[in-house]
Amino acid sequence: MANPRKIIIDTDPGQDDAAAIMLAFGSPEELEVLGITTVAGNVPLSYTSRNARIICELCGKTDTKVFAGADKPIARPLVTAEHVHGKTGLDGPELDEPTMPLQAGHAVDFIIETLRNEPEGTVTLCTLGPLTNIGLAFQKAPDIIGRVRELVMMGGGFSEGGNITPAAEFNIYVDPEAADIVLRSGVPVVMMPLDVTHKLLTLKSRVKRMAEIGTRPAIAMVEMLEFFERFDIEKYGSDGGPLHDPTVVAYLLKPELFKGRVCNVEIEVKSELTVGMTVVDWWHVTDRKRNATVMRDVDADGFFDLLIDRFARI
Ligand code: BDR
Ligand code: CA
């Protein structure tokens, strides 16, 4: 078996972020989590930093390094999503306050130092929230950009439109300037937009299979998902909520589950009406640089099989 792939998870947990982190923890043969960096997004930074540690403790991964990062976007006031995730961001189950400490130092510096210290082209950035920490790291230390193996992000939307405005997906909308820095940086980007995540519904049959695992982390996840899906079920009239962030980790484990295309993606940063929109040149109608692999399709059953298999290993 090859060495596990080294990843940094940058996140704003969030119930679906929690599912992504758990998927990574359930896959130690393939993935080595060098650290978790938190960012303000779904809820303020104090909660996302708390929540990341709660998930580590829930999974018995108390040796994971968790660093707090940016408490607001690069150039705008913070927009949060308690209407989806609840006040704490992990509403649903009863969870103990974490006892493991946050690491000293800022997440941005951890990202920079890790990329400088690890061999070039070996560290993958997995981003599950607004791209503030990564944008700041690239601004502060441009030398690290060429050292990143790949950046896999949950963000954006193409034919699905947006979920926080008609044009914009939440992670990009919260910090469009950071997303713009990342997409112009030249780093190899894989993008998991709403077009993919809206095909991954937490159907009752799937959640039931998770509950049947019967462990504390699996049951807590089921309770998180039951809380998290209520908003989208009402909004979309679907049979379950879309599961966004675990797509990033699933891609690292089984890229063959996803189908997409390399194309140009630009971020709208100026227009008030469409700020945060990901403008995807799917049909290559411009000669703008092809800077991202944009996924649009997924094998949903294969994805949930993977998730359930790995949750059972925690
Ligand atoms: C994204 O926004 C957050 O609410 C979720 O955690 C996910 O990262 C979906 O638009
Ligand atoms: Ca998230």
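Asp12 is buried, with a relative accessible area of 0%.

User: Before we go on, what kind of model is this?

Analyst: This is a predicted model, where local features need pLDDT of at least 70 and side-chain atom pairs count only at pLDDT 80 or more, while totals for chains, interfaces and linings use all residues. Residues are numbered from 1 along each chain as its sequence is written, chains are lettered from A and ligands numbered from 1 in the order in which they are written, and side-chain values use heavy atoms, leaving out hydrogens and water.

User: What does buried mean, and is Asp17 buried or exposed?

Analyst: Buried means under 20% relative accessible area, exposed over 50%, and partly exposed in between (1.4 Å probe, protein chains only). Asp17 has 0% relative accessibility, so Asp17 is buried.

User: How is helix α11 (residues 246-253) placed?

Analyst: Helices (H or I, at least four residues) and strands (E, at least two) are DSSP runs, numbered from the N terminus. Eight of the eight residues of α11 are buried, so the helix is largely enclosed by the rest of the structure.

User: Which residues of strand β6 (residues 189-192) lie on each side?

Analyst: In a regular strand the side chains alternate between the two faces of the sheet. In β6, Val189 and Met191 are on one side, Val190 and Met192 on the other, and all are buried.
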